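My entries follow in the order in which I checked things.

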Amino acid sequence: MIGPLPAKRLVHLDPSFSSNNQLSITSSPLRHGVEAVYRFAGQPGAAPISFLPLQIFLRRSATLQRLSRGGTPHNNPSIPFKFSEQNLKLIDEILKRYPPQYKKAAVMPLLDLGQRQHGFTSISVMNEVARMLEMPPMRVYEVATFYSMYNREPVGKYFLQVCTTTPCQLGGCGSTAIVNAINEHLGITPGHTTEDGLFTYIEVECLGACVNAPMVQINDDYYEDLTPESIKSLLTALKDAASGTGTKVPAPGPLSGRNTCENSDGLTNLREVPEWDPEVMMRKDGALDAPAAQ
Ligand code: FES
């Protein structure tokens with residue numbers, strides 16, 4: 001049992017702290033980490049603790065806990081993983097970008113390749129990347145647990161990442177309407193996979209397509225300018241396509257008819273193309289010369 005923590009600092013910590021400032025932690029890595037946070041927070045004049053490092057720390061703790069327990073049946077270090085011949089060629093190309101003594105800088109593209117080959121960034125994928133780059137495995141775990149694009153558990157055939165950051169909440173019909181439409185259509189809530197294994201669905205922070213809000217990333221593609229109707233028909237098309245009915249899935253991009261992010265009301269200025277006339281549009285030689293002294 002840890003506590004009590006200063007109440008004003010608790011605001012920035014995990015909301016699962018109880019009202020009497022007591023936190024019960026049984027897992028050893030988690031306990032050590034939170035104790036360290038607690039010690040830091042107790043220092044006179046210590047800055048408030050932001051939530052993001054704690055989130056990262058908790059993600060790492062979850063991975064370490066799994067490792068310390070030997071993993072799960074589908075994700076443990078005894079499951080063999082080797083890169084395919086094709087990916088080994090790609091890895092050779094990637095490693096050429098870095099001086100040999102800094103080859104560990106290739107950890108992110110190699111983890112990405114491993115995830116694409118294996119379906120998720122398993123413990124065996126991380127260990128293989130560590131072996132190839134001659135890095136301590138812990139350094140690879142640190143990278144894989146920091147960046148949210150590495151899935152450390154299996155996901156469905158279609159991995160939906162719905163942006164729910166402020167511009168997407170405010171743009172178009174708003175991301176809340178999209179989230180509700182997906183909940184209703186798939187029958188699952190964020191963080192879950194449909195029973196048929198086709199769809200995994202999470203909420204994410206800004207994906208950099210705010211001008212086409214609201215939007216969703218499905219695997220590597222962005223679908224933008226969404227409405228509850230268009231996201232539902234997109235999900236139906238994906239499901240039909242997966243069952244081999246030959247259904248055509250809409251092309252990625254805006255589903256509103258826009259080409260990119262142009263004004264949907266059309267051009268409001270710069271509508272005339274000026275005619276190019278060098279006699280009028282170019283300065284004459286000497287036009288900038290200082291006027292001759294009188
Ligand atoms: S806020 Fe959704 S893409 Fe930027």
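In which sense do β4 and strand β5 pair, and over how many bridges? I found that β4 and β5 (residues 221-224) pair in the antiparallel sense over 3 bridges. Two strands count as paired if DSSP finds at least two bridges between them.

Before going further I noted the basis of the entries. This is a predicted model, in which local features need pLDDT of at least 70 and side-chain atom pairs count only at pLDDT 80 or more, while totals for chains, interfaces and linings use all residues. Residues are numbered from 1 along each chain as its sequence is written.

**Overall.** I listed 11 helices and 6 strands in the protein chain. Helices (H or I, at least four residues) and strands (E, at least two) are DSSP runs, numbered from the N terminus. I then looked up burial: a residue is buried if 20 or more other C-beta atoms, placed from the backbone, lie within 10 Å of its own, exposed if 12 or fewer, and partly exposed in between. Buried residues make up 19% of the 294 residues in the protein chain. For contacts I used C-beta atoms, placed from the backbone, within 7 Å. Among contacts between residues at least 6 apart in sequence, 61% join residues at least 24 apart.

**Sheet.** I traced the strand order as β2-β3-β1-β4-β5-β6, an open sheet of 6 strands with mixed pairing. Its edge strands, each pairing on one side only, are β2 (192-193) and β6 (253-254). β1 (residues 158-163) and β4 (residues 216-218) run antiparallel and are joined by 3 bridges. Leu 160 has Ile 218 of β4 as its bridge partner. Helix α9 (residues 175-186) packs on the sheet and touches β1, β3 (199-204) and β4; its direction makes about 150° with that of β1.

**β4 to β6.** I returned to β5, where Tyr 223 is the bridge partner of Val 216. The hairpin of β4 and β5 has 2 residues between the strands, and Asn 219 in this hairpin takes a positive phi near 50°. On to the next pair: β5 and β6 pair in the parallel sense over 2 bridges. There, Tyr 223 has Gly 253 of β6 as its bridge partner.

**α6 and α7.** I checked helix α6 (residues 123-133) for burial and found Ile 123, Val 125, Met 126, Glu 128 and Val 129 buried. Just after α6, Glu 134 takes a positive phi of about 55°. The axes of α6 and helix α7 (residues 137-146) come within 8 Å and cross at roughly 125°. Axes are lines fitted to C-alpha atoms, for helices over the stretch in contact, and angles run from 0 to 180 degrees between N-to-C directions. α6 and α7 are therefore oblique to each other (under 35 degrees is roughly parallel, over 145 roughly antiparallel, 65 to 115 roughly perpendicular, the rest oblique). The contact is made by Met 126, Asn 127, Val 129 and Ala 130 of α6 and Pro 137, Val 140, Tyr 141 and Ala 144 of α7.

**Ala 144.** I ended on Ala 144, which lies in helix α7. Is Ala 144 buried or exposed? Ala 144 counts as buried because it has 26 C-beta neighbours inside 10 Å. Leaving aside neighbours within four places in sequence, I found Ala 144 in contact with Leu 111, Thr 121, Met 126, Tyr 150 and Arg 152. The C-alpha atoms of Ala 144 and Met 126 are separated by 7.8 Å, with the two residues 18 apart along the chain.

Technical notes. Two residues are in contact if their C-beta atoms, placed from the backbone, lie within 7 Å.
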